[in-house]
Amino acid sequence: MVVTEKCDVYSFGVVALEVLMGRHPEEILSLSSSSSTQNVMLIDVLDSRLSPPVNRIIKQEIMLVSTIAFACLRSKPKSRPTMKRVSQEFLKQKTSFAKSFGEISISELRNQEMYLFDEHDA
């Protein structure tokens with residue numbers, strides 16, 4: 001175990017998911033393989049005390065935060081983005097997701113390639 005700047009990014013991912021889910025994401029974190037989360041839909045893990053989002057922009061933002069959070073939680077620390085990269089992703093012009101909000105699974109969010117670390121981050 002080596003302490004690097006990517007240790008903090010893991011905590012950021014946990015906190016981001018806690019905010020979206022309304023509880024600690026322990027069950028999502030314990031499902032280490034993406035096949036275990038293949039049928040778990042994003043909409044099903046969001047905080048049930050809140051009304052489901054109806055605004056398209058809010059839905060896109062929730063998918064973006066979720067995708068970045070899962071990138072921060074990758075099991076190999078070297079494959080996680082730096083906090084600088086995370087902040088850059090939030091500042092970038094947003095892109096639309098191919099699937100609709102109700103159709104996107106946790107495993108699809110975990111496998112988004114657009115948030116892989118930069119070569120100089122390794």
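**Entry 1: Ser-66**

I started with Ser-66 and found it in helix α4, residues 56-72. Helices here are DSSP runs of H or I with at least four residues, numbered from the N terminus. I am working with a predicted model, where local features need pLDDT of at least 70, side-chain atom pairs count only at pLDDT 80 or more, and totals for chains, interfaces and linings use all residues. Residues are numbered from 1 along each chain as its sequence is written, and side-chain values use heavy atoms, with hydrogens and water left out.

Is Ser-66 buried or exposed? I looked up its relative accessible area, which is 0%, so Ser-66 is buried. (Buried means under 20% relative accessible area, exposed over 50%, and partly exposed in between, with a 1.4 Å probe and protein chains only.) Setting aside neighbours within four places in sequence, I saw Ser-66 in contact with Leu-20, Leu-42 and Leu-109; contact means heavy atoms within 4.5 Å.

**Entry 2: the rest of α4**

Next I followed α4 from end to end. It has 17 residues and spans 25 Å from first C-alpha to last, close to the 24 Å expected at 1.5 Å a residue. That expected span is 1.5 Å times one less than the number of residues. I noted several buried residues in α4, among them Gln-60, Ile-62, Thr-67 and Phe-70.

**Entry 3: the cores**

Then I turned to the largest nonpolar core, which has 19 residues; Leu-42 and Phe-70 touch the most other members. (A nonpolar core is a set of buried Ala, Val, Leu, Ile, Met, Phe, Trp, Tyr and Cys residues joined through side-chain atoms within 4.5 Å.) At least two residues of this core come from each of α1, α3 (42-45), α4 and α6 (106-110). The largest share, 5 residues, is from α1.

I also checked Leu-42. Beyond its neighbours within four places in sequence, its contacts include Ile-62, Ser-66, Phe-101 and Leu-109. A second, separate core has 5 residues, including Val-9 and Cys-72.

**Entry 4: an aromatic pair**

How many aromatic pairs are there? I counted 1. Rings of Phe, Tyr and Trp (its six-membered ring) pair if their centres lie within 6.5 Å; planes under 30 degrees apart are stacked, over 60 edge-to-face, and the rest tilted. The centres of the Phe-12 and Phe-90 rings are 6.3 Å apart and their planes lie at 70°, so this pair is edge-to-face. Because Phe-12 is in helix α1 (residues 6-21) and Phe-90 in helix α5 (residues 83-91), the pair ties together parts 78 residues apart in sequence. Phe-12 is partly exposed at 27% relative accessibility, and Phe-90 is partly exposed at 29%.
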